[in-house]
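Work through the exercises below with the sequence and the model open. Each task is followed by its solution.

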Amino acid sequence: MIPPNLDSRATLRTGSELYFLDGRFTAWAPAPTLRSTSPLERDRFAGREDRLSDVSKKMALACHTEGQGPELIMFHGGTGSWTHWIRNIPALREHFTVHAYDLPGNGDSPSVPGDITPHDYVDIVCESIREVGGATKPVFLCGFSFGGVIATMLTARMPEKVSRLALVAPGGL
């Protein structure tokens, strides 16, 4: 549920204004569901939690948290850090508990092996956000550029955990 007290002047930005949160909260869209007709594709992520790599089970990601309200998880782009969101956090923290993560191998998060697979990389992120807001409570996700790719992969992997997904200039999609 979108907070009814959302400031109509709040702006989501990354360097320049990209999305306007206009009281109707039009920048957010419902999280997509995985719609595959292939049983092989549907089962691709099934039970993945039980096969997490040793790397993902041991790694804790750095996270900057501010605010109070529904949980909003934000992923930065490229080789950045949570500071990609530094101009957004003041407006968003008035309405959300903002969790701005440093993705694996970026910012203050631990390095990852050079030969890490995309699946293992996403496993690390899944494990890190699993308990945000409680194990069963859905969260809002927002990803910029490469963070948008990660947010999309995470949503496909954990659809029950994501209630809204916002992609800001997602790379590779």
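**Exercise 1.** List what Leu154 touches, not counting residues up to four places away in sequence.

Solution. Contact means heavy atoms within 4.5 Å. On that basis Leu154 touches Phe75, Val122, Val125, Cys126, Ile129, Leu141 and Val162. The model is predicted: local features need pLDDT of at least 70, side-chain atom pairs count only at pLDDT 80 or more, and totals for chains, interfaces and linings use all residues. Residues are numbered from 1 along each chain as its sequence is written, and side-chain values use heavy atoms, with hydrogens and water left out.

**Exercise 2.** Find which residues of the largest nonpolar core touch the most other members.

Solution. A nonpolar core is a set of buried (under 20% relative accessible area, 1.4 Å probe, protein chains only) Ala, Val, Leu, Ile, Met, Phe, Trp, Tyr and Cys residues joined through side-chain atoms within 4.5 Å. The largest has 21 residues, and Ile73, Phe75, Leu141 and Leu154 touch the most other members. Elements giving two or more residues to this core are β5 (71–75), α4, β7 (139–144), α5 and β8 (162–168); helices (H or I, at least four residues) and strands (E, at least two) are DSSP runs, numbered from the N terminus. α4 supplies the largest share, six residues.

**Exercise 3.** Describe how α4 packs against α5 (residues 146–157).

Solution. Their axes, lines fitted to C-alpha atoms over the stretch in contact, are 10 Å apart, at an angle of about 75 degrees. That makes α4 roughly perpendicular to α5 (65 to 115 degrees). Among the meeting residues are Val122 and Cys126 in α4, and Ile150 and Met153 in α5.

Technical notes. Axes fitted to C-alpha atoms, helices over the stretch in contact; angles between N-to-C directions. Parallel < 35°, antiparallel > 145°, perpendicular 65-115°, else oblique. Buried < 20%, exposed > 50% of the residue type's maximum accessible area, 1.4 Å probe, protein only.
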